[in-house]
Amino acid sequence: MQALSRLFLTLVVVSAGSLLYVLLCPHFCIPACWLSCRRLEEQERRLLAVPGAMRFEGYISIPDGKPLAHVPCRQCAVVSSSGQMLGSRSGKEIDAKECVLRMNQAPTQGYEADVGSRSTVRVVSHTSIPLLLRNQSYFFKQSRDTIYVIWGPTRLMSREKVGLAYRTLLKVKEMYPSLRLYTLTERMMARCDELFQLETGKNRMKSGSFLSTGWFTMVLALELCEKIFVFGMVSESYCRDKSQPSVPYHYFEKGRLDECRMYLAHERAPRGGHRFITEKAVFSHWAQKRNIVFTHPSWLDG
């Protein structure tokens, strides 16, 4: 009788262990879940085996530090988070592009007619990580095919010292192991500063400014895309025209902050501001050398 009891108990333990393995391993890449980890590694190998796939060395995965691998896109849509997108009816045009780049926590649900529904890459500021976590189901479960590229200062993003933002990203990766999550390397962050100084003649840090997510998105687009269509971004001169209609800073935050007031306030801030208008002057210069088209509004109209 005791032998039967022990056998029954053993079967219960084995069954429970098997059930836990099935339930947990799709979500956690830990040593016990070697099969789940192996599948992830196979996915990465298949991606690198795609004809024409390139390695983008400035962007490395969490936690293993492998370079971003992706086939270059012939046409990209860079979708601004600006209120300019409201009523643009650009959704179908955006979704028709081979790759779609979005920024921070800008949603597509409820705005598909204006901003589209596809997201190939989402470039995210370290300050926006908590905003993504508020809606994990939308960003990390429904948007499985999206590549997330996170930027931030070294003290927060350090892998060696496990900065606060990087520590949070590690937890996100543990929760969603199939998530394609990348950070900029320190060298890439420095290169973005160098580009700013090269184009403006100003040292970014000494001028008391922070580069915007739009800047990092455009830099990535220049590497990834042959032709770039930018939706909803205004030109450097737009906010000087007082006859322009007022639009919200973000299309998903109606009635809160006025776009031009925000841009001008940041441009004039002695320290701690984004130089939105200066950056747009740089983008205009890049458009003279690269295949970049600005639409809704068109920069040809000023």
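**View 1. Tyr148 and its bridge partner Leu181.** Tyr148 in strand E6 (residues 147-151) has Leu181 of E7 as its bridge partner. E6 and strand E7 (residues 180-184) run parallel and pair over four bridges; pairing here takes at least two DSSP bridges between two strands. Strands are DSSP runs of E with at least two residues, helices are runs of H or I with at least four, and both are numbered from the N terminus. This is a predicted model: local features need pLDDT of at least 70, side-chain atom pairs count only at pLDDT 80 or more, and totals for chains, interfaces and linings use all residues. Residues are numbered from 1 along each chain as its sequence is written, and side-chain values use heavy atoms, with hydrogens and water left out.

**View 2. E6 and its surroundings.** Strand E5 (residues 121-125) also pairs with E6 in the parallel sense, over five bridges, and Ser125 has Trp151 as its bridge partner in E6. Five of the five E6 residues are buried, so the strand is largely enclosed by the rest of the structure; buried means under 20% relative accessible area (1.4 Å probe, protein chains only). Ile147, Val149 and Trp151 cover one side, Tyr148 and Ile150 the other.

View 3. Nine strands line up as E2-E1-E7-E6-E5-E4-E3-E9-E11 in an open sheet with mixed pairing. Strand E2 (67-70) and strand E11 (292-295) are the edges, each pairing on one side only. Strand-to-strand twist averages 30°, with axes fitted to C-alpha atoms (for helices, over the stretch in contact) and angles from 0 to 180 degrees between N-to-C directions. Helix H9 (residues 186-200) packs on the sheet, touching strand E1 (54-61), E6 and E7, and its direction makes about 55° with that of E7; contact means heavy atoms within 4.5 Å.

Notes
Buried means under 20% relative accessible area, exposed over 50%, partly exposed in between (1.4 Å probe, protein chains only).
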